[in-house]
Amino acid sequence: SICLEQYNFINDEWVTSIPNHMIPNKGKTYAINEGNCANWDSLISTYVAQCLRGRSVRWTCCMVVDVHRHLLQGGCFLYPEDKKYRNGRLRLVYEAYPMAFLWEKTGGLALANVEGERILSKSFPRADVHVRCGVIMLGPDESKKFNHLRSSLPTWNGGSVKAKTIKAKVEHDETVQSEVRYLKIALLIGAIIQIALFCRK
């Protein structure tokens with residue numbers, strides 16, 4: 001849990017407003033830029049359409065405001081990797097890290113991608129402190145539904161664009177190798193038949 005405080009300008013002191021705060025189990029709203037829906041990963045699209053149905057969207061395009069709302073009221077904040085921003089849009093060090101720390105201290109789950117990698121598990125980018133990453137912050141009920149959906153969908157239906165590209169290339173290479181293998185077998189069988197026919201003569 002975390003202790004939320006606010007500054008009292010009259011008495012010149014910090015006053016505790018909410019002691020031992022935890023994210024409510026389930027929220028009535030969620031935050032995501034639905035204008036980018038055409039670029040979403042299929043898992044994100046399915047999650048918003050199925051698991052968040054009936055809730056209202058709240059999007060101010062300000063991470064602090066949107067996360068603060070759902071930190072207090074429950075729900076989720078999503079700014080995931082997509083086709084346009086394949087490495088995410090928000091900065092890992094000074095946007096994702098601190099918000100993920102507060103979010104998880106209050107009982108939520110903060111992910112960097114649909115594969116389930118936690119933001120706080122990502123290595124510190126010493127070579128580039130401005131590196132970006134995806135942000136998927138889920139409350140207790142939202143994370144349960146997200147993980148259930150992620151585990152129930154086919155493997156090809158989830159994953160980052162990069163992961164899908166690598167998987168497609170591997171599958172393509174395996175298909176080509178399989179076809180080459182069958183071709184070699186067919187040529188070998190053809191050669192054996194020709195030899196057998198030649199010997200009969």
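## Exposed turn residues, sheet and cores in a predicted model

Cys61 counts as exposed because its relative accessible area is 62%, where exposed means over 50%, buried under 20% and partly exposed in between (1.4 Å probe, protein chains only). The model is predicted: local features need pLDDT of at least 70, side-chain atom pairs count only at pLDDT 80 or more, and totals for chains, interfaces and linings use all residues. Residues are numbered from 1 along each chain as its sequence is written, and side-chain values use heavy atoms, with hydrogens and water left out.

Cys61 sits in the loop between strand 4 (56–57) and helix 2. Helices (H or I, at least four residues) and strands (E, at least two) are DSSP runs, numbered from the N terminus. Asp12 lies in the loop between strand 1 and strand 2 and is exposed because its relative accessibility is 55%.

| Residue | Phi |
|---|---|
| Asp12 | near 55°, positive |
| Cys61 | near 70°, positive |

The loop of Asp12 belongs to a hairpin: strand 1 and strand 2 have 4 residues between them. Strand 1 (residues 2–8) and strand 2 (residues 13–21) run antiparallel and are joined by 6 bridges; two strands pair if DSSP finds at least two bridges between them. Ile2 has His21 in strand 2 as its bridge partner.

An open sheet of 5 strands shows mixed pairing and the order 4-3-5-9-7. Its edge strands, strand 4 and strand 7 (109–111), each pair on one side only. Strand 7 pairs with strand 9 in the antiparallel sense over 3 bridges, and Leu109 has Leu138 in strand 9 as its bridge partner.

Two helices are placed against these strands. Helix 4 (residues 140–152) packs on the sheet and touches strand 5, strand 7 and strand 9; contact means heavy atoms within 4.5 Å. The direction of helix 4 makes about 120° with that of strand 9. Helix 2 lies across strand 3 (29–31), strand 5 and strand 9, and runs at about 155° to strand 3. For these angles, axes are lines fitted to C-alpha atoms, for helices over the stretch in contact, and angles run from 0 to 180 degrees between N-to-C directions.

Helix 2 (residues 63–73) also meets helix 3 (residues 92–105): their axes come within 11 Å and cross at roughly 10°. Helix 2 is therefore roughly parallel to helix 3, a label for angles under 35 degrees. From helix 2, Met63, Val64, Val67, His70 and Leu71 meet Glu95, Ala96, Met99, Leu102 and Trp103 of helix 3. The residues of this contact divide into 8 nonpolar, 1 polar and 1 charged.

The largest nonpolar core has 23 residues, of which Met63, Val67, Phe77, Ile119, Val135 and Met137 touch the most other members. Such a core is a set of buried Ala, Val, Leu, Ile, Met, Phe, Trp, Tyr and Cys residues joined through side-chain atoms within 4.5 Å. Strand 1, helix 2, strand 5 (76–79), helix 3 and strand 9 (135–138) each give two or more residues to this core, and helix 3 supplies the largest share, 7 residues. Not counting residues up to four places away in sequence, Met137 touches residues including Met63, Val67, Phe77, Ala96, Met99 and Trp103. A second, separate core of 19 residues includes Cys51, Cys76, Val114 and Leu149.

Terms used: Angles under 35 degrees count as roughly parallel, over 145 as roughly antiparallel, 65 to 115 as roughly perpendicular and the rest as oblique. Ala, Val, Leu, Ile, Met, Phe, Trp, Tyr, Cys and Pro count as nonpolar, Asp, Glu, Lys and Arg as charged, and the others, Gly among them, as polar.
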